[in-house]
Amino acid sequence: MIFLFDLTKTLKDLPKKSGVYIMKDDQGDIIYVGKAKSLKSRVRQYFQESAAKNLKTAQLASHIKEFEYIVTENEVEALILENNLIKENKPKYNILLKDDKTYPYIKVTVNEMFPRVFMTRRVLKDKARYFGPFTSDCKNNIEIIHKIWSLRRCFRKFPRDLNKERPCLNYHINQCKGPCNSYISEVDYNKMIEEIIDYLNGKHEHIVKELKSAMDEAADAMNFELAAELRDKISAIQTTEEKRLLENPNDDNQDIIAYAKGDNEILVQAFFIRNGKMTGREHFMLTGHGDIDAPEILTAFITQFYSEHAFIPKELVLENDINIDDKNTIINWLSDLRGSRVSIIIPKKGNKHKLIKLAKENASITLESFGEKIKRDNQRTIGATKEIQKALDILTPLSRIEAYDISNIQGYESVGSMIVFEDGKPKRNDYRKFRIKTVIGANDYASMEEILFRRFKRLLDDPDGKFGSLPDIIFVDGGKGQIGVAEKILKDMQLNIPICGMVKDDAHKTRGLLYNNKEVKLDQRGEGFKLVTRIQDEVHRFALEYHRKLRQKAQIHSVLDDIEGIGSKRRQVLLKHFGSVENIAAATVEDLKQVQGINQKFAETVYSFFHKVSKEDSL
């Protein structure tokens, strides 16, 4: 075995301190990252005869040509650094968590006056309350909350915006209590928030009791409309309770984790139990090389999953123990993230053992039934984003892709579209439409500049709002001009986001990507190319769909209709002569007079209209 460095001397110089070691092959590529309580004793094991007894270690050792190491202050730091390096470099011989998912949480903004309740995928250290994760009923729970308690949904800032504007439509249709106009006191509003927090914590009994009492009083007072409304609210809460899958008398917060192994894949099944009730379940695919045992699988899953997972439960209930050498370090790390002690439990009997058996059975069924489909779907989605990432030579994963397009017909009703793909799949709830406000005619560059400015200004003004997610990359439907516009906007806003142009061939079909002034060719048979094609078709479809709706709404209309004295005949003649509204707007009076039927008076009217509008828009 030939090494690219002095192995004997390097092993001798290894410190007896905690840290991370990085194994590389003869190409200098990172093939394994590990952590150690003592770098000296741990790294030396890879080059001893005993390493050949373990198939995985033997395979790894045969490819190591050099290694590096980083000393850390303690084992927890080593654990965090190891996890970051694995996610960044995706080494061949590490166990890798393929599912790069973010889960929805319910956020209660108790850190602001008149709190709001909404779904979020980002958990911030902002003193708000977060509940979850939810894998299925997040939106349903939010809908029930707003139906029962009629909270505000606006983005007004209080006390700044108190009593400054009339209440919105939600107030008039009884879907908001109108705190903006002091129609409900802060004390009464906060009482509703306390009830909502109890509801989200699974404490429904006293809420139902109070609602029933209020319903009976309304019925006695012959206020049957109110009684029916309260009855429906009670029914909504009870229906939600009936959907809970599991009950636990201890009201625990637990994650139940088991797995099943295939030939080359490992499927981990997790049940999320909050306050004794299952809020959801999810499966995760892992990849690994060689002979991998249960402690190594569970250790890899826990360290990678919970480094991104916002909620750390009180207990992790596992089918097998994790690596003994790492156990105390991982418990201390999880406890620091949670802010209180976390326990790792391997039950042998009782209710928790039954849950583990159920998770194990689900893992086996899922792997057997859907293993191949999961792999195909992963390759088509997450695998496709990785192909694009590799082709563009971008280091960070392209989890969230935003694409933009402009649509208009002869300058009429220019619109912009924004679509979002997360992990290679369309996220339609994040699609946005833009009606161009400041651009006259078919100026796609200026229109693109407007919609990008509006989109990212919303993000900067309200990071928790509908535009609060930051993309990993931006696709624009066009070439260098569109890219230049996008780069200018992001530079002005001090945002560093990669930008690609989606270019087409002469047949108007996807050809590739334009990035850093170079056209990047993608394998037309590869999933990355197919994903770019889907994104380009989708953003174009979404823009055209919006434009078509506006045309249907307005019937036949043109900006020329707003010019006094220009009827349908003169409009048609102008458009036929100049080709577009944009060219008409750029024409001089003398140019306009050359058109049949346009005399000096009409030429001056048209010229004044466009130059007046442009002057007003520039103010």
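Reply: Two strands pair if DSSP finds at least two bridges between them. Helices (H or I, at least four residues) and strands (E, at least two) are DSSP runs, numbered from the N terminus. This is a predicted model, where local features need pLDDT of at least 70, side-chain atom pairs count only at pLDDT 80 or more, and totals for chains, interfaces and linings use all residues. Residues are numbered from 1 along each chain as its sequence is written, and side-chain values use heavy atoms, without hydrogens and water.

Me: How many helices and strands does the protein have?
Reply: The protein runs to 619 residues. Its secondary structure comes to 20 helices and 20 strands.

Me: What share of the residues is buried?
Reply: Buried means under 20% relative accessible area, with exposed over 50% and partly exposed in between (1.4 Å probe, protein chains only). Of the 619 residues in the protein, the buried share is 49%.

Me: Among contacts between residues at least 6 apart in sequence, what share joins residues at least 24 apart?
Reply: Contact means heavy atoms within 4.5 Å. Take the contacts between residues at least 6 apart in sequence; those joining residues at least 24 apart make up 62%.

Me: How many residues of strand E1 are buried?
Reply: E1 spans residues 19–24. In a regular strand, side chains alternate between the two faces of the sheet. In E1, Gly19, Tyr21 and Met23 are buried on one side, and Val20, Ile22 and Lys24 are buried on the other. Both faces are covered, and the buried count is six of six.

Me: Which residue in E3 stands opposite Lys24?
Reply: E1 pairs with strand E3, residues 66–71. The pairing is antiparallel, over six bridges. Opposite Lys24 stands Glu66.

Me: Which residue in E2 stands opposite Tyr21?
Reply: E1 also pairs with strand E2, residues 30–36. Six bridges join these antiparallel strands. Tyr21 faces Gly34.

Me: Which residue takes a positive phi in the hairpin of E1 and E2?
Reply: The hairpin has five residues between its strands. The phi in question is near 85°. The residue is Gly28.

Me: Is Val33 buried or exposed, and what is its relative accessible area?
Reply: Val33 sits in strand E2. Leaving aside neighbours within four places in sequence, its contacts are Val20, Tyr21, Glu82, Leu85, Ile86, Pro91 and Asn94. Val33 is buried, because its relative accessible area is 1%.

Me: What distance separates the C-alpha atoms of Val33 and Met23?
Reply: Along the chain the two residues are 10 apart. Their C-alpha atoms are separated by 6.3 Å.

Me: Which residue in E6 stands opposite Tyr105?
Reply: Strand E5 covers residues 105–108. Four bridges join E5 to E6, and the two run antiparallel. Tyr105 stands opposite Thr120.

Me: In E18, which residue is the bridge partner of Val476?
Reply: Strand E18, residues 499–504, is mostly covered, with five of its six residues buried. Strand E17, residues 473–476, pairs with E18 in the parallel sense over three bridges. The partner of Val476 is Gly501.
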